Amino acid sequence: MAILLFFLFAALAVGSVLGMIISRNQAYSALFLVLAFACLGGLYGLLGAPFMAVVQIIIYAGAIMVLFIFVIMMINLGEGISPEKKKWTIAAAVFMGLILLAEIVFAIKGAPAVPMIGQEMAGTSPIEIGRLLFTKYLYPFEITSILIIAALVGAVVLVKKRDGE
Amino acid sequence: MNIPILSLITFLPLAGALLLIFLPKENKNLLYGIALSLAVVVFLVSLSLYFGFDAQADGPQFVEKTGWLGFGIQYHLGIDGISLFLVLLTTLLMPIALLSSWSYIQDRIKVYLIFMLILETGIIGVFISLNMFLFYVFWEATLIPMYFLIGIWGGKRRIYATMKFVLFTMLGSLLMLVAIFVLYHLYYKATGTYSLNIFDYYQMLLDPKLQTWLFLAFALAFAIKVPMFPFHTWLPDAHVEAPTAGSVILAAVLLKMGAYGFIRFALPLFPNAVETFLPVLSVLAIIGIIYGGLMALIQKDIKSLVAYSSVSHMGLIMLALFSLNVEGATGAIYQMLNHGLSTGMLFLVVGILYERSHTRLIKDFGGLSKQMPVFSAFFLVALLSSAGLPGLNGFVGEITCFFGIFAANKTFAILSVSTVILAAAYLLWMFERVMHGPITNEKILSYKDVNKREIVYLVPIVVLMFWMGLYPQPFLRKIEPSVARAIAGIKSATKVFVQKPESVPAKFKIPEGSAGIR
Amino acid sequence: MTDVFWLIPFAPALSSVVLVLFGSKLSKKWVSLQACGAVFLSFVFALVAFLGSLKISPDNFPIVKTLFPWIGAGSFQAGFSFQFDPLSAVMVLVVTGVGFLIHLYSVGYMAHDTGYTRYFAYLNLFTFAMLILVLASNMVLMFVGWEGVGLCSYLLIGFWFEKPSAAAAGKKAFIVNRIGDMGFILGLLFIFVAIGSSEFSAINKAIGQGLFPQALATLIAILLFVGATGKSAQVPLYVWLPDAMEGPTPVSALIHAATMVTAGVYMVARLNLLFTFSGTAADIVALVGALTAVFAATMALTQNDIKRVLAYSTISQLGYMFIGCGVGAYAAGVFHLYTHAFFKSLLFLSAGSVIHALSGQQDMRKMGGLRKYLPRTFPPFLIGAIAISGIPFLSGFFSKDAILTEAFAQGRYFVWALGLAGAVMTAFYMFRLIFLTFYGEERIEPEAKHHLHESPKVMTVPLAILAVFSIIAGYIGLPAVLGEKADLFKRFLEPVIKPPAEGHIGAGTEWLLMLVSVAVAAVGISVAYLFYLKNPRIPHALVARLPWLYKLLYNKYFVDEIYGAVIVNPLVKGSDWVYGHFDLKVIDGALDGSAAAAGFFGKALSVLQTGFVKDYALVFLLGAVIFIGVLLF
Amino acid sequence: MIPPGYFFILSVVLFSLGIIAFFLKRDLITQFMAIEIMLNAANLAFLALAGSSNFLDAQVIVFFIITVAAAEAAIGLAIVLLIFRKKKTIKTETLNSMKG
């Protein structure tokens, strides 16, 4: 059952990423991405991390991608942008991307075996993550909140229309 | 003593700078009031160093030492008779420099004051650091505020001047950084412990060939800072373009960092290389003395004249230092203070003139003594101090320097004494053209004599000039023992080298690599 | 009683400081009172110390008083200490005595000057520095006075600094003096390194113990003498003194006649053991002195400026003092210094009175016949002229004669002959001065004549006093021929100055020499009478006959021009050239060049920097691929 | 059950697709999206490794990564907007003001 779900999500994720690449309209790209991220959320669930799955779907697929779509609408390029014309750059990029893929796959194959996943899928409840966040990772957690505030303020300041513009 | 005085005087200005950041930039009086009173407080606190300093005690005093970043990087401060007065000079001149900018600096006052205070922290730090890392940090830290001081508040060619100044000094100090790394590495290799403590490095006996390279790296950094011929050309440009206070600090204190570096680092660390290069350096110093004097003779801009006179004077100081005897080195240290006062005051005086006339060209002046008699008196005192007139401070330093040089090498001494003539010639000729003669330029008739504020910051310098000229013992007494120890250290290190390797006891032998512990 | 001697310099110092700081708030009257009073106080102290010292046995000299340790660095030690001995006593008395009279005179002379306070501040400072110079017990402190008087000289020559010539003259004086000072410093260093001290007593002791090799002693003595030629305006460094006449006349009298310029003589006399020990150096001193005496006298012959004539005369007279020192008659040299202080300051002050009367006119061609207008100035002037010309029974005769006699006695006939030649010219130019100024037709400009007036009492009284001393001052140093003990002056100085090796000449020869001197002076005076009173056409005829000679003398042998062309100009022009072609082009050029090179390479490499994000990313990716590849294999 | 290798392979495939997408796309926004894909691929690898060893800290780290990514997205998009306003375009081939 799980393996089936895995393949379903995997295929959907890869497919939607491909779709995002192919589509010329940015809005469609963004929607494809939402789908991809949702699939990833499902995969997280399969990995025994239900909390992360929810976070992924709410924050990524939800909040961040909404932001993207928002900006796309604001910018509104109409026809969108045609794909890259410098052929050799694409060739080189695709080629190197594939090499990287091969390299890492090769690296994983050579790595020592990892125990199977799924035995204790229900083992990690949000409670424990919460406990970790507020004990061991308290400072990073707080600092992250400062970071977010800074980002918030920064974004507002950056985008704010100044006099004379 | 439980109060960390050294940390206090180092970081109080920095704290002041931080405070200023949060103050409104429009309130000039408040900003100046805080900066100035802080600088005065720092000076008063630093005075306690003088009274607490025990000239006879061996080693650094007021030591503060705590671990900092690990790997030998420690927060290690301390002063001896050599750095004591350089610190005092800095803390004294800072309030004076600030006061002198009151009407000179008109825009961006807040930023200006912040940079000045940061500069003070940097300079004091350089003189009191006993850890190489700390020293280097402070050394570079002085560059940044100076860069902006010249670059923002400077004259017409300020960008060129400030780039030249920073790149020139940076070039030298980067080589020094490499040399510090090498020392660090060698020390670790020889002992297995990390250290950047300068006193640990004093114990190192280095392979003479390696010493050469390390010494050259250090010497270049310091020679550029001093500046010694032929690395002097950044100085006139920087001085001419810098605002008055910048010039004052630059001439009075920043140049001393170079000479200080020589006596604290370059000379004691590499005794063998010193022995090899001493003649070359001495000749460069002599060329600096005469060349600087001749160049000063024909300058058309008062500030660049004073800048070249600095080259000449610093040449004498370096030559005296290179004589490697107690008299010469004491004279050199004392002369550093004198040069700080006299050249600092000359720049102040030129600044006063500039504020009224907005020109510094000699030909634009003439007959000022009539219009500004009090100013004329101050100018003359500064000038005579710079020319080494007996009774004023310059003479005491100069004659002691001459004596040291003479005891080391008579030919050098005879050549260097020519500065007596040259200094009188270029200074008095300038004075004649600027202050004497009939008033040719009608604008001069509108110049006002020095005001109360200007008198307030000039008088302490004048008083010190007379004091140091008539009764120098309070200074010399504190300087001399430290200098004597430093010189003895250099001399004894040189002797170790003179011995043949066989005669060095086994544990002192230089290991295959290149470092050993002496 | 002698112990008060260390107090001598401080009254003028204090007064000077007060005048500098609070001068603007003081009334003119108070200023004059304070300034003159301070010098008078010093004079009283000096007198007390002198009288006290008369009772002290010669072996107890010098009396040293160390006020505080001054410079101390390693083996370089110098105290702020004074010493008192007969030589100092003479100098101190001259400085404070003549100095006081000149201060007094200045009250009248400078009465209408706007810089009145400043003037007295400088003058007091000068007195202080001069006293330091003569009282210092070591050479380092002496140098303080040495330079201090130089500074005051600079300030006072350039007193009327609005006049470009005055400002330039002051500067010239200081710089030329500094050339000499370089010699002084080097001599000082040689001494210090050789014996580890610069105390005069230590130096004398070291010479006694033979610590100096002969060659070293000569070198030191010559170096110090270079200093003396600067300060005492001897060949070749005399050029500043004539220009120094730009200063107020009392200044010329005090500094450039009576005191400062004699500092060199004092120094040589102070170190007489060194010079005598060296021998060669003493010969050089004598020779330079003799050359200067004649050389300066020739230049004085044709000058038209009344003060310049006196300036050249001063140079010439200083030459005589050096002859005295050089031939070993140090006492005679100092004696001449002492008499010269009276008659030369007298001459200057009376000249000042003349100038004052003529509203600043100094050109003798615009004077003449002033005798009847200036009844209180003329007699002192005449007395001064007679004294300097070497007419018997006035002070100048005794001192000059003592020098020349000694030169002859020591067998220095060449020096003696030069001295004699100088004496003729001295008599000639002095009386040329008298005749042109006070006799003959009036050539006064109408404007000046309108204001013509005799000087006030405060100026003429000092003249009278100085005139008296110009007459009687010589009687304490009578020639040896009048008896063993006739020369009181010499005997007084004996603790400091060893009498020269006996070069005996008979009484007859001595009388003869005296006669020659007198004859020579008489010849000079008569020729002057002939030329300028009896038959004024002769000088013009001579000029027409020997125009080149006249030009040469009138232009002072073009020495200033030669110095300018040979030393000053090349130095300035050369520096300018080096600055333009080396400092800016080579050194700075190398620097800017390397900056430009760095910039060039940067530009070249910046081709790689396209500015497109994707290109950067591509390189980044390539890097990642390679990095992982390296990690794997 | 599911071998962890599967997750890794998927993660790498997604990462490479992200790279390729970055180079194929020509506007800032979609390139930005490509970067997000790579980020997620990395997260997946992280969680896969954590799941196999039941290591909770890894989840916390991923949590942080996501929050930081949110902040980054906000700032990044703000910059994109700014660039668009200044240059009236977001085509990367027209943006080369970084050239020296």
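Which chains have the most contacts among the 4 pairs of chains that touch? They are chains A and D. The legends below describe close-up views of a predicted model.

**View 1. The contact between chain A and chain D.** On one side are 72 residues of chain A, and on the other 57 residues of chain D. Chain A gives two or more residues to this contact from each of helix 1 (2-22), helix 2 (26-46), helix 3 (50-75), helix 4 (87-110), helix 5 (126-134) and helix 6 (138-159). Helix 3 of chain A gives the most, with 14 residues. By class, the side of chain A that touches chain D has 58 nonpolar, 11 polar and 3 charged residues.

**View 2. Chain A on its own.** Chain A has 6 helices and 0 strands, and its elements run α-α-α-α-α-α from the N terminus on. Of its 165 residues, 30% are buried. Taking the contacts within chain A between residues at least 6 apart in sequence, 54% join residues at least 24 apart.

**View 3. Helix 3 of chain D.** This helix covers residues 56-87 of chain D, 32 residues in number, and reaches 46 Å from its first C-alpha to its last. That span is close to the 46 Å expected at 1.5 Å a residue. Buried residues of the helix include D:Gln59, D:Val60, D:Val62, D:Phe63 and D:Ile66. After the helix comes D:Lys88, whose phi is positive, near 60 degrees.

**View 4. The contact between chain B and chain C.** Here 44 residues of chain B are in contact with 40 residues of chain C. Helices of chain B that each supply at least two residues to this side include helix 12 (271-297), helix 14 (326-357), helix 17 (393-408) and helix 21 (473-498). Also among them are helix 15 (368-371), helix 18 (410-417) and helix 19 (419-435) of chain B. The side of chain B that touches chain C has 28 nonpolar, 12 polar and 4 charged residues. Chain B does not touch chain A, the nearest C-alpha atoms of the two being 20 Å apart. Chain B does not touch chain D either, and there the nearest C-alpha atoms are 19 Å apart.

**View 5. The nonpolar cores.** The largest nonpolar core has 430 residues, and B:Phe218 and C:Val334 have the most contacts inside it. Leaving aside neighbours within four places in sequence, C:Val334 is in contact with C:Leu87, C:Val90, C:Val265, C:Ala269 and C:Leu493. A second, separate core has 75 residues, among them A:Cys39, A:Tyr44, A:Leu47 and A:Ala155.

**View 6. Helices 15 and 16 of chain C.** The two helices pack at an angle of about 145 degrees, with their axes 9 Å apart. Their crossing is left-handed. From helix 15 of chain C, C:Phe343, C:Leu346, C:Leu347 and C:Ser350 meet C:Pro380, C:Phe381, C:Gly384, C:Ala385, C:Ala387 and C:Ile388 in helix 16 of chain C. This contact has 8 nonpolar, 2 polar and no charged residues.

**View 7. C:Pro375 in a loop.** C:Pro375 is placed in the loop between helix 15 (330-357) and helix 16 (378-389) of chain C. C:Pro375 counts as exposed because it has 11 C-beta neighbours inside 10 Å, and a residue is exposed if that count is 12 or fewer. The C-alpha atom of C:Pro375 is 23 Å from that of C:His112, 263 residues apart along the chain.

Note on methods
Residues are numbered from 1 along each chain as its sequence is written. Chains are lettered from A and ligands numbered from 1 in the order in which they are written. This is a predicted model: local features need pLDDT of at least 70, side-chain atom pairs count only at pLDDT 80 or more; totals for chains, interfaces and linings use all residues. A nonpolar core is a set of buried Ala, Val, Leu, Ile, Met, Phe, Trp, Tyr and Cys residues joined through C-beta atoms within 7 Å. A residue is buried if 20 or more other C-beta atoms lie within 10 Å of its own, exposed if 12 or fewer, and partly exposed in between; C-beta atoms are placed from the backbone. Two residues are in contact if their C-beta atoms, placed from the backbone, lie within 7 Å. Helices (H or I, at least four residues) and strands (E, at least two) are DSSP runs, numbered from the N terminus. Ala, Val, Leu, Ile, Met, Phe, Trp, Tyr, Cys and Pro count as nonpolar, Asp, Glu, Lys and Arg as charged, and the others, Gly among them, as polar. The expected span of a helix is 1.5 Å times one less than its number of residues. Axes are lines fitted to C-alpha atoms, for helices over the stretch in contact, and angles run from 0 to 180 degrees between N-to-C directions. A crossing is left-handed if the near helix is turned anticlockwise from the far one by less than a right angle, and right-handed if clockwise.
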